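Hi everyone, thanks for making time this morning.

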Amino acid sequence: MLTADLLLNFPMLADYAVHAEQSRGRRFPEPPHPYRNDFQRDRDRVIHSRAFRRLEAKTQVFTRRYSDHFRNRLTHTLEVAQIARTIAGQLGLNVDMVEALALVHDVGHPPFGHAGEKALDTIMRAQGFFFDHNLHALRIVEDFELRYAAFRGLNLTFEVREGIIKHSHDYSPDKFPELAEYLLNRRPPLEAQLIDLADEIAYSTADLDDGYEARLLTLDTIRSGVPVFARFYADAERTYPDVIEKLKFNEAIKHILDRWVGDLIQNTKAQIAKAAVHSLEDVRGYPQRLVALSPGVEEERRLAKAFLYKTLYYNATLDQEKEEGEQIIRNLFEFWMAKPDHLPSSYQESANHTPLPRVICDYIAGMTDNYIYEQYEKYRQ
């Protein structure tokens, strides 16, 4: 019979995984929950947060002008979580922690996708600051979310907060002394390391799908630019010669996804064995990240990503929407810099102890696409 402790951590974790009972804890200590471990509680807090709900109305690549069928930040996040959970289970990692990290990994993104992030960063650098969506996500979970009487933020575990900033980027201890508590000179756990590649796999396959559905990418263009797709599409044609083109397309995408996920699992297992990693401390002390695709499959992923940048992300058809989004952000930022009394009262209060550009940036970054359009219509001259 399984004990309560085993049930909380089932299935059995590898020695190099993060074990919930060994967590460094929360900034504000809380008593243990009777039937959820700490990472399950983190996951649930993320799901119930306002920032998570707002992802539903934030652009991934395509706005709803094209179709309601395309991914938004929320559906993309759910796809990353599904992929990451599968990988974590096969590697013996803490699936609950991985799910929490996957669900929170994009909450720091502003409206209008990467165009919005670029616009905010450019504006902030002109003011002597910068915008980074990972660091903004940390600010959201540590301060901006207001759900609990005992503390500000979500009071997530150290490991999840660390993973928010370290899953895709290494921050220099010299340049970011304010992040010193997050062990910047050490590697993040494998649970955090796998999020970045789960994200890459998710959007590289999904954006091929959405680009094709939007008719910005043709079948011939994809076959000529993404060799791994061409191979699997040819297999689908031989296996299902009588089905419609879209179903053959879906088969090719499915097999790419399965190939990349399977390779990531097997290659990471090999990397762990080669590095003789047996504990979390071994992972943290290893000179490089251990979660990785094999060289051949990494080249496939790199080619697919380069293809998407060349043919989809910088497609001239999307330029008008991106430029419009960037202009809206610039105009609203300038408006509130000149007239901060038009900010909501809570942000006006924040400006008493936080530089005004940062306050305005925080406000804009939290907006959905819909809400920022409303604000623009309200204040534009």
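Let's begin at R215, which sits in the loop between α9 and α10 (219-225). Helices here are DSSP runs of H or I with at least four residues, strands are runs of E with at least two, and both are numbered from the N terminus. R215 has a positive phi of about 65° although it is not a glycine. In general, most residues other than glycine have a negative phi. Is R215 buried or exposed? R215 counts as exposed because its relative accessibility is 76%. For that word, buried means under 20% relative accessible area, exposed means over 50%, and partly exposed is in between, with a 1.4 Å probe and protein chains only.

A word on what you're looking at: this is a predicted model, where local features need pLDDT of at least 70, side-chain atom pairs count only at pLDDT 80 or more, and totals for chains, interfaces and linings use all residues. Residues are numbered from 1 along each chain as its sequence is written, and side-chain values use heavy atoms, with hydrogens and water left out.

Now turn to F112, in the loop between α5 (95-104) and α6. F112 has a positive phi too, near 70°, but F112 is buried, with a relative accessible area of 9%.

On to the charges. The structure holds 39 salt bridges, a salt bridge being a side-chain nitrogen of Lys or Arg within 4 Å of a carboxyl oxygen of Asp or Glu. One of them joins D121 and R125, at 2.9 Å from N to O. Both residues lie in helix α6, four residues apart, about one turn of the helix. D121 is buried at 19% relative accessible area, whereas R125 is exposed at 53%.

Another salt bridge pairs E300 with R259, with the closest N and O atoms 2.8 Å apart. This pair links distant parts of the chain, with E300 in helix α14 and R259 in helix α12 (residues 245-275), 41 residues apart. E300 is buried, at 12%, and R259 is partly exposed, at 33%. There is also a network: R26, E30, D38, R41, D42 and R45 are joined by salt bridges that share partners.

R358 lies in helix α17 (residues 356-365). Leaving aside neighbours within four places in sequence, R358 is in contact (heavy atoms within 4.5 Å) with M124, F129, F130 and R139.

Next, the nonpolar side. A nonpolar core is a set of buried Ala, Val, Leu, Ile, Met, Phe, Trp, Tyr and Cys residues joined through side-chain atoms within 4.5 Å. The largest has 92 residues, and those with the most contacts inside it include L179 and F229. Helix α9 (residues 190-213) gives the most to this core, with 11 residues. A second, separate core of 24 residues includes I123, M124, L332 and Y379.

That's my tour, and I'm happy to take questions.
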